[in-house]
Amino acid sequence: MVRKIPWDPNQPLLYVLRDGLALHGPKFGCGLGQCGACTVMVNGQPARSCTMPISKAAGASVTTLEGLGTPEKPSALQVAFIAEGAAQCGYCTNGMIMTAEALLKRTPKPTVEQVKQGMASCLCRCGTHTRIVRAVMRASGQAGRTA
Ligand code: FES
Ligand code: FES
């Protein structure tokens, strides 16, 4: 669907997604490109939408968490995060899932170490990291694998 909305081209993509399009999957965390909460896919690559001006996203394909699955038909990662209880407050979950989505596209059967490295730039202040790693392993078809 193509929607045209008037917006200052220097505004962060995140503001347009949340305030202009009511897509609330991506979250405002640090606003500095450091925590990952705002991650979306731009042309299939994870991007920090809090620091990306919308002018840079012009003509690009942008996918938010809402584009991965629905409550009726969740994605494999969404199912795995629920199954592993991989959220406490859930604020980081968007960034974790979007980053993991890109990771599993690059490396469909990662090791635990590869998951840890691939997710290292996403912060979780609740300390849910162990469950998040388990969820990514589950989504890759390796539930229960610990190394
Ligand atoms: S809110 Fe964008 S990286 Fe933290
Ligand atoms: S679950 Fe709360 S920040 Fe990660």
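A: Begin with the salt bridge: a side-chain nitrogen of Lys or Arg within 4 Å of a carboxyl oxygen of Asp or Glu. The model is predicted, so local features need pLDDT of at least 70, side-chain atom pairs count only at pLDDT 80 or more, and totals for chains, interfaces and linings use all residues. Residues are numbered from 1 along each chain as its sequence is written, chains are lettered from A and ligands numbered from 1 in the order in which they are written, and side-chain values use heavy atoms, with hydrogens and water left out.

Q: How many salt bridges does the structure hold?
A: Three. In one of them, the side chains of glutamate 84 and arginine 134 meet at 3.7 Å, N to O. Glutamate 84 sits in the loop between H2 and helix H3 (93-106) and arginine 134 in helix H5, so the pair ties together parts that are 50 residues apart in sequence. Helices here are DSSP runs of H or I with at least four residues, strands are runs of E with at least two, and both are numbered from the N terminus.

Q: Is glutamate 84 buried or exposed?
A: Relative accessible area decides: buried means under 20%, exposed over 50%, and partly exposed in between, with a 1.4 Å probe and protein chains only. Glutamate 84 counts as buried because its relative accessibility is 13%. Arginine 134, at 40%, is partly exposed. Arginine 138 is partly exposed too, at 35%.

Q: Where do lysine 105 and glutamate 101 lie?
A: Both are in helix H3, four residues apart, about one turn of the helix. Lysine 105 is exposed, at 60% relative accessible area. Glutamate 101 counts as buried, at 17%.

Q: What angle do the axes of helix H2 and helix H5 make where they cross?
A: Axes are lines fitted to C-alpha atoms, for helices over the stretch in contact, and angles run from 0 to 180 degrees between N-to-C directions. The axes of H2 (residues 76-83) and H5 (residues 129-139) come within 8 Å and cross at roughly 135 degrees. Angles under 35 degrees count as roughly parallel, over 145 as roughly antiparallel, 65 to 115 as roughly perpendicular and the rest as oblique. H2 and H5 are therefore oblique to each other.

Q: Which residues form a nonpolar patch on the surface?
A: A patch takes residues with over 30% relative accessible area and no salt bridge; like charges are joined within 9 Å, nonpolar side chains (Val, Leu, Ile, Met, Phe, Trp, Tyr) within 5 Å. Here they are Trp7, Tyr15, Phe28 and Tyr91, with about 360 Å² of accessible area together. Such areas come from the Shrake-Rupley method with a 1.4 Å probe; for residues, only the protein chains shown count as cover. Tyrosine 15 lies in helix H1 (residues 13-20). Its relative accessibility is 30%, so tyrosine 15 counts as partly exposed.
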